[in-house]
Amino acid sequence: MRLTNYTDYSLRVLIYLASQEPAKLSNIKEIAEAYGISKNHLMKVTHELGKMGVIDTVRGRNGGIRLALPPEEINIGAIVRKTEDDFQIVECFNGEGGSCILSPVCGLKHLLKNALSAYLDVLDQYTLADIVHNPLKYRSILNSAINESST
(Lines give C-alpha, C1' and ligand atoms only; values in the text may rest on other atoms or scores of the structure.)
Protein backbone atom coordinates (compact mmCIF):
# COMPACT_ATOMS: atom_id res chain seq x y z
CA MET A 1 0.00 0.00 0.00
CA ARG A 2 1.38 3.35 -0.96
CA LEU A 3 -0.01 6.63 0.32
CA THR A 4 -0.45 9.51 -2.08
CA ASN A 5 1.54 12.70 -1.64
CA TYR A 6 -1.74 14.34 -0.66
CA THR A 7 -2.12 12.06 2.37
CA ASP A 8 1.57 12.37 3.18
CA TYR A 9 1.34 16.16 3.14
CA SER A 10 -1.86 16.08 5.20
CA LEU A 11 -0.14 14.03 7.88
CA ARG A 12 2.93 16.29 7.78
CA VAL A 13 0.77 19.39 8.26
CA LEU A 14 -0.91 17.77 11.25
CA ILE A 15 2.45 16.71 12.71
CA TYR A 16 3.78 20.24 12.25
CA LEU A 17 0.75 21.79 13.96
CA ALA A 18 0.83 19.24 16.80
CA SER A 19 4.46 20.17 17.49
CA GLN A 20 3.61 23.85 17.96
CA GLU A 21 2.20 25.62 21.00
CA PRO A 22 -1.58 24.94 20.98
CA ALA A 23 -2.66 28.58 20.59
CA LYS A 24 0.05 29.48 18.04
CA LEU A 25 -1.09 30.16 14.51
CA SER A 26 1.23 28.69 11.89
CA ASN A 27 1.26 29.57 8.23
CA ILE A 28 1.57 27.59 5.04
CA LYS A 29 4.82 29.32 4.08
CA GLU A 30 6.67 28.13 7.19
CA ILE A 31 5.29 24.60 6.87
CA ALA A 32 6.33 24.50 3.20
CA GLU A 33 9.82 25.72 4.15
CA ALA A 34 10.15 23.18 6.95
CA TYR A 35 9.36 20.26 4.67
CA GLY A 36 10.67 21.67 1.40
CA ILE A 37 7.35 21.19 -0.39
CA SER A 38 5.10 23.37 -2.53
CA LYS A 39 2.93 26.03 -0.88
CA ASN A 40 0.29 25.39 -3.57
CA HIS A 41 -0.02 21.75 -2.56
CA LEU A 42 -0.26 22.73 1.09
CA MET A 43 -3.00 25.25 0.37
CA LYS A 44 -5.16 22.44 -1.04
CA VAL A 45 -4.30 20.16 1.86
CA THR A 46 -5.05 22.74 4.55
CA HIS A 47 -8.32 23.68 2.87
CA GLU A 48 -9.44 20.05 3.00
CA LEU A 49 -8.22 19.54 6.59
CA GLY A 50 -10.23 22.62 7.52
CA LYS A 51 -13.34 21.18 5.86
CA MET A 52 -12.77 17.96 7.82
CA GLY A 53 -12.76 19.99 11.05
CA VAL A 54 -9.29 18.92 12.21
CA ILE A 55 -7.68 22.32 11.72
CA ASP A 56 -8.89 25.87 12.23
CA THR A 57 -8.08 28.36 9.52
CA VAL A 58 -7.94 32.01 10.46
CA ARG A 59 -8.03 34.42 7.53
CA GLY A 60 -6.43 37.81 7.34
CA ARG A 61 -3.09 39.46 7.73
CA ASN A 62 -2.35 37.85 11.09
CA GLY A 63 -4.17 34.64 10.22
CA GLY A 64 -2.90 31.13 10.00
CA ILE A 65 -3.78 27.58 10.90
CA ARG A 66 -3.78 25.46 14.05
CA LEU A 67 -5.26 22.21 15.24
CA ALA A 68 -9.00 22.40 15.88
CA LEU A 69 -8.91 19.30 18.07
CA PRO A 70 -6.45 18.00 20.63
CA PRO A 71 -3.92 15.61 19.03
CA GLU A 72 -5.42 12.78 21.12
CA GLU A 73 -8.69 13.18 19.18
CA ILE A 74 -7.20 13.06 15.68
CA ASN A 75 -7.20 9.46 14.51
CA ILE A 76 -4.61 8.57 11.88
CA GLY A 77 -6.75 5.90 10.23
CA ALA A 78 -9.62 8.37 9.81
CA ILE A 79 -7.30 10.94 8.24
CA VAL A 80 -5.90 8.39 5.79
CA ARG A 81 -9.39 7.21 4.81
CA LYS A 82 -10.51 10.80 4.19
CA THR A 83 -7.44 11.88 2.23
CA GLU A 84 -6.86 8.80 0.07
CA ASP A 85 -9.08 8.75 -2.97
CA ASP A 86 -8.42 5.20 -4.09
CA PHE A 87 -7.96 2.01 -2.10
CA GLN A 88 -8.21 -0.17 -5.19
CA ILE A 89 -4.95 -2.06 -4.86
CA VAL A 90 -5.79 -4.20 -7.88
CA GLU A 91 -8.30 -3.71 -10.70
CA CYS A 92 -10.78 -6.26 -9.35
CA PHE A 93 -11.38 -3.99 -6.32
CA ASN A 94 -13.29 -1.53 -8.52
CA GLY A 95 -16.64 -3.30 -8.08
CA GLU A 96 -16.95 -4.21 -11.74
CA GLY A 97 -14.36 -6.95 -11.48
CA GLY A 98 -11.90 -5.51 -13.96
CA SER A 99 -10.62 -7.44 -16.94
CA CYS A 100 -8.79 -10.26 -15.15
CA ILE A 101 -10.13 -13.65 -16.24
CA LEU A 102 -9.41 -15.08 -12.78
CA SER A 103 -11.62 -12.59 -10.98
CA PRO A 104 -14.58 -14.97 -10.43
CA VAL A 105 -12.41 -17.55 -8.61
CA CYS A 106 -9.39 -15.55 -7.45
CA GLY A 107 -8.22 -15.94 -3.88
CA LEU A 108 -5.66 -13.17 -4.22
CA LYS A 109 -8.23 -10.38 -4.12
CA HIS A 110 -9.56 -11.69 -0.79
CA LEU A 111 -6.04 -11.84 0.61
CA LEU A 112 -5.40 -8.26 -0.53
CA LYS A 113 -8.71 -7.06 0.92
CA ASN A 114 -7.73 -8.61 4.24
CA ALA A 115 -4.28 -6.99 4.05
CA LEU A 116 -5.83 -3.57 3.31
CA SER A 117 -8.25 -4.01 6.18
CA ALA A 118 -5.40 -4.95 8.54
CA TYR A 119 -3.38 -1.94 7.35
CA LEU A 120 -6.25 0.44 8.11
CA ASP A 121 -7.01 -1.32 11.40
CA VAL A 122 -3.43 -0.64 12.56
CA LEU A 123 -3.69 3.04 11.58
CA ASP A 124 -6.98 3.24 13.50
CA GLN A 125 -5.10 2.37 16.69
CA TYR A 126 -3.05 5.57 16.60
CA THR A 127 -3.70 9.24 17.11
CA LEU A 128 -1.68 12.30 16.25
CA ALA A 129 -0.59 12.41 19.92
CA ASP A 130 0.96 8.95 19.52
CA ILE A 131 3.06 10.20 16.62
CA VAL A 132 4.09 13.52 18.16
CA HIS A 133 4.83 12.16 21.60
CA ASN A 134 7.59 14.74 22.16
CA PRO A 135 6.49 18.04 20.54
CA LEU A 136 9.64 19.92 21.60
CA LYS A 137 11.92 17.59 19.64
CA TYR A 138 9.72 17.89 16.56
CA ARG A 139 9.57 21.66 16.92
CA SER A 140 13.35 21.89 17.20
CA ILE A 141 13.90 19.87 14.02
CA LEU A 142 11.21 21.74 12.08
CA ASN A 143 12.48 25.16 13.19
CA SER A 144 16.01 24.20 12.15
CA ALA A 145 14.72 23.22 8.72
CA ILE A 146 12.94 26.56 8.38
CA ASN A 147 16.08 28.47 9.41
CA GLU A 148 18.20 26.52 6.91
CA SER A 149 15.76 27.16 4.07
CA SER A 150 15.74 30.93 4.67
CA THR A 151 19.53 31.27 4.52
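**Exercise 1. Find the helix that holds R139, and decide whether this residue is buried or exposed.**

Solution. R139 is found in helix α7, where helices are DSSP runs of H or I with at least four residues, strands are runs of E with at least two, and both are numbered from the N terminus. The model is a predicted one, in which local features need pLDDT of at least 70 and side-chain atom pairs count only at pLDDT 80 or more, while totals for chains, interfaces and linings use all residues. Residues are numbered from 1 along each chain as its sequence is written, and side-chain values use heavy atoms, with hydrogens and water left out.

The next step is accessibility: R139 counts as buried because its relative accessibility is 17% (buried means under 20% relative accessible area, exposed over 50%, and partly exposed in between, with a 1.4 Å probe and protein chains only). Once neighbours within four places in sequence are left aside, R139 is in contact with S19, Q20 and E21, contact being heavy atoms within 4.5 Å.

**Exercise 2. Describe how helix α4 packs against helix α5.**

Solution. Begin with the geometry: α4 (residues 76-83) and α5 (residues 108-124) pack at an angle of about 130°, and their axes are 6 Å apart. Axes here are lines fitted to C-alpha atoms, for helices over the stretch in contact, with angles running from 0 to 180 degrees between N-to-C directions. That angle makes α4 oblique to α5, since angles under 35 degrees count as roughly parallel, over 145 as roughly antiparallel, 65 to 115 as roughly perpendicular and the rest as oblique.

Then list the residues: α4 brings I76, G77, A78, V80 and R81 to the contact, and α5 brings L120, L123 and D124. By class, the residues of this contact are 5 nonpolar, 1 polar and 2 charged (Ala, Val, Leu, Ile, Met, Phe, Trp, Tyr, Cys and Pro count as nonpolar, Asp, Glu, Lys and Arg as charged, and the others, Gly among them, as polar).

**Exercise 3. State which elements give two or more residues to the lining of the second largest pocket, and how its residues divide by class.**

Solution. Of the 18 residues that line the second largest pocket, A18, Q20, P22, L67 and P71 are the closest to its centre. A pocket is an open set of points on a 1 Å grid over the protein atoms alone, where a 1.4 Å probe fits, with protein on both sides within 12 Å along at least five of seven lines, and lining residues have an atom within 4 Å of a point. The elements that supply two or more lining residues are α1 (5-19), β2 and α7 (135-149). Finally, the lining divides into 11 nonpolar, 2 polar and 5 charged residues.
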